[in-house]
Amino acid sequence: MAEKKEIRHAVLKRREQMPAEDWRRFSDRICKSVMELEPYKQADCLLLYVNFGREVDMAPLFRDAWRKGKSTAVPKVLGDGRMEFYEIRDFRELKPGFQGILEPVEGTAVLTENEASAENAALTGNTAFPVENVFMVMPGVAFDPYGSRIGYGKGFYDRYLALHPGLLTAAVGFECQIVPQIPAGPYDKKPDWLITEARSIHCGSSFM
């Protein structure tokens, strides 16, 4: 079985070589499949990401969410290495941050998901969202058909999900990012769904 570093390198090379026309067309198809998921339809708040390079383009999901009155929040890497989600209402609220990836500017509302963090948010004037109405769409570098995932090696999503058990998630990627098997460790978190331009794989949640 190939090591994660080898898989990451090979898959990133394939993904970055994808023609722009295919990237846009496949991204639209993937976003439409996400929109058909019940947790997406029921969510009041979506945890999305701002795509970097040839990651699946999230713009269709942002536009759909805003049109339907859903809140959207995106990740921001903090000084202590944590990743938190901050609400945005417009793409103009983003600026280059960690490794040049667009992140929310200061002053946007931090997403909170339990009573303690909600109290802290109230003290700072930020908005709290109930976890039962939140759905996450996450990126990745490589996936296997069983839901195992390789990210960029920093572990931000694995740590975030470990702190927020029960959060329903969908990982999105292109078929060129699917490999036969990924070596999964004890701290690796699988998404509930894996969505590509060709298929939707239910990986783990009992939510149907």
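## The largest pocket

By class, 15 nonpolar, 5 polar and 11 charged residues line the largest pocket of this predicted model (Ala, Val, Leu, Ile, Met, Phe, Trp, Tyr, Cys and Pro count as nonpolar, Asp, Glu, Lys and Arg as charged, the others, Gly among them, as polar). Of these 31 lining residues, Ile-101, Pro-139, Tyr-152, Phe-156 and Tyr-157 lie nearest the centre. Two or more lining residues come from each of helix 1 (4–16), strand 2 (71–77), strand 5 (102–104), strand 8 (149–150) and helix 6 (156–163) (DSSP runs: helices H or I, at least four residues; strands E, at least two; numbered from the N terminus).

A pocket here is an open set of points on a 1 Å grid over the protein atoms alone, where a 1.4 Å probe fits, with protein on both sides within 12 Å along at least five of seven lines; lining residues have an atom within 4 Å of a point.

## Helix 6

Phe-156, Tyr-157, Asp-158, Tyr-160 and Leu-161 of helix 6 are buried (under 20% relative accessible area, 1.4 Å probe, protein chains only). Among the elements that the buried residues of helix 6 pack against are strand 1 (45–47), strand 2 and strand 8.

## Around Val-172

Val-172 touches residues including Ile-30, Tyr-49, Met-58 and Phe-143, not counting residues up to four places away in sequence (contact means heavy atoms within 4.5 Å).

## Reading the model

Residues are numbered from 1 along each chain as its sequence is written, and side-chain values use heavy atoms, without hydrogens and water. In this predicted model, local features need pLDDT of at least 70 and side-chain atom pairs count only at pLDDT 80 or more, while totals for chains, interfaces and linings use all residues.

Methods:
Buried < 20%, exposed > 50% of the residue type's maximum accessible area, 1.4 Å probe, protein only.
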